[in-house]
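Here's a friendly walk through a two-chain model. Have a look at the sequence and the 3D view first, then read on.

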Amino acid sequence: MLTDDRPIFQQIADQLADGILAGTYPPGAPVPSTNELAAFHRINPATVGKGVNVLVDAGVLEKRRGLGMYVTEGARERLLADRRAAFARDYVAPLLTEARSLGLAPAEVHRLIDQEVEP
Amino acid sequence: MTASAIRLAGVTRRFGRTTALDDVSAEVPAGIVCGLLGRNGAGKTTLMSILAGHDRPSEGTVEILGRDPFEQRAVMSSISFIRDNQRYPEDFKLRHVLRVAPRFHEGWDPALAAELVDAFRLPSRTTVKKMSRGQQSGLGIVIGLASRAPLTVFDEPYLGLDATARRIFADRLLATRMDESDRRTIVLSTHLIDEMEQLLDHVVILDGGRLVRSGATEEVTAGAWSLSGPAEAVLRLAAGRTPLSTHRVGGLLSLVFDGETPEGLAAEARTTGAQLSPVGLQDLVAAFGDRTSAPSREEAAA
């Protein structure tokens, strides 16, 4: 399902990327076509195209003329590298912002993380 | 570069002392779905009548698929205009309408018509006059989509449609949009903006007879932003900018602004408990419609 909080094309790109990371779409396999995704989500094909292009630009999908979009070799490794690089920005920074507004010191945050890892 | 299906230049339409359309200039590319949005009385139906060649502007020029729709019979037959209150003769039933419709549209698709009649569960024994609002809307959609007209114009196609029927329409509209063989252009007016936003390639927004926005949907919504939160913080952040619309309840204030989001303002807003956020199409259309009646613009700008 799509939500309201982020641009729709970004959600399409993320959902395809999730599928590639999970192995649902292995290297060399096709992903659903733009028209299928548009019809399935009931959204404009131009929006889907924009989302797919995000992954083409990232080297994760490639267009095979007349056939459709396919997962590239090494797509999973590229996505993992991108997401690891963004992990601090997307998850750690917001965590620390929230901790600061609650008056939790970084040491306390460390302790809470350790506790979650090994209760 | 894609060709334009619709080209309007300085289109004005007066009815006596009323100006229904005031100097509207816009272009709509071919092969897409275009939403015509705005409040009641904004001029949407007047504009659609002009697009369909049922009416002509007092001033300005209209080109549909490269020609004046009012002058050219050839253009008329390539346009399907579905009004929200289409009248048929007293005793007309479904089969009469389906018999007449192909005469006006060369590309009439009987198989698609039959499929849609089924999907919308249109009754065959009831006269059109006695059909429910939703059934009449369904019939309009059957005619519009099965016409395969290069330009199809729907005036509020959703009136009275139940949730299932609205989905059927959305699905068929997308199927039409994705059909590479005929590249039809669809223009539709609607107030169900949230529901339609993701289906629209392009939007034309009218207010009080004037064009306020025309462009690709995402470009139009990217050209607006909102600030909301504690009134004091919001007013400080707004600092002299004039909002399109103002919504205030007690100590909470929300303002919608036109234009690019100012750099760095989002971070500044967060530190004061206010929020800077993008504006959805529905909020933007509502904000444009609110401009003339906004009571507290000066207060907000102060």
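## Chain A: the parts list

Chain A has five helices and two strands; here helices (H or I, at least four residues) and strands (E, at least two) are DSSP runs, numbered from the N terminus. Starting at the N terminus, the elements come in the order α-α-α-β-β-α-α. Chain A is more spread out than a compact globule, because its radius of gyration is 18 Å, well over the 14 Å that the globule rule gives for 119 residues. That radius is taken over C-alpha atoms, and the rule is 2.2 Å times the number of residues to the power 0.38. The C-alpha trace of chain A spans about 55 × 30 × 25 Å along its principal axes.

This is a predicted model: local features need pLDDT of at least 70, side-chain atom pairs count only at pLDDT 80 or more, and totals for chains, interfaces and linings use all residues. Residues are numbered from 1 along each chain as its sequence is written, while chains are lettered from A and ligands numbered from 1 in the order in which they are written. As for pLDDT, it's the predictor's confidence in each residue, from 0 to 100. Chain A averages 92, and 98% of its residues score at least 70.

## Inside chain A

How much of chain A is buried? Buried residues make up 20% of its 119 residues. A residue is buried if 20 or more other C-beta atoms lie within 10 Å of its own, exposed if 12 or fewer, and partly exposed in between, with C-beta atoms placed from the backbone. Now for contacts: two residues are in contact if their C-beta atoms, placed from the backbone, lie within 7 Å. Of the contacts in chain A with a separation of 6 or more, 54% are between residues 24 or more positions apart.

Let's zoom in on Gly51(A), which sits in helix H3 of chain A. Gly51(A) counts as buried because 22 other C-beta atoms lie within 10 Å. If you leave aside neighbours within four places in sequence, Gly51(A) is in contact with Phe9(A), Gln10(A), Ile12(A) and Ala13(A). Arg65(A) is 14 residues away from Gly51(A) along the chain, and their C-alpha atoms are separated by 18 Å.

## Where the chains meet

Ten residues of chain A are in contact with nine residues of chain B. On the chain A side, the elements that give two or more residues are helix H2 (34–41) and helix H3 (45–57). By class, that side has six nonpolar, three polar and one charged residues. Ala, Val, Leu, Ile, Met, Phe, Trp, Tyr, Cys and Pro count as nonpolar, Asp, Glu, Lys and Arg as charged, and the others, Gly among them, as polar.

## Chain B: the overall build

Chain B has twelve helices and 13 strands. Its radius of gyration is 22 Å, close to the 19 Å that the globule rule gives for 302 residues, so chain B is as compact as a globular protein of that length. The C-alpha trace of chain B spans about 65 × 40 × 40 Å along its principal axes.

Of the 302 residues in chain B, 42% count as buried. Helix H1 (residues 44–51) of chain B is mostly covered, with six of its eight residues buried. They are Lys44(B), Thr46(B), Leu47(B), Met48(B), Ile50(B) and Leu51(B). After H1(B) comes Gly53(B), with a positive phi near 75°.

## Strands in chain B

Three strands of chain B form an open sheet in the order E2-E1-E4, with antiparallel pairing. Two strands pair if DSSP finds at least two bridges between them. Why is one side of E2 (18–29) and of E4 (59–64) left without a neighbour in the sheet? Both stand at the edges, each with a single partner strand, so one side of each has no neighbour there. Strand E1 (residues 4–15) pairs with E2(B) over eight bridges, and Arg14(B) has Thr19(B) in E2(B) as its bridge partner.

Elsewhere, strand E11 (residues 245–249) and strand E12 (residues 252–258) of chain B pair in the antiparallel sense over five bridges. Their hairpin has two residues between the strands, and Gly250(B) takes a positive phi near 55°.
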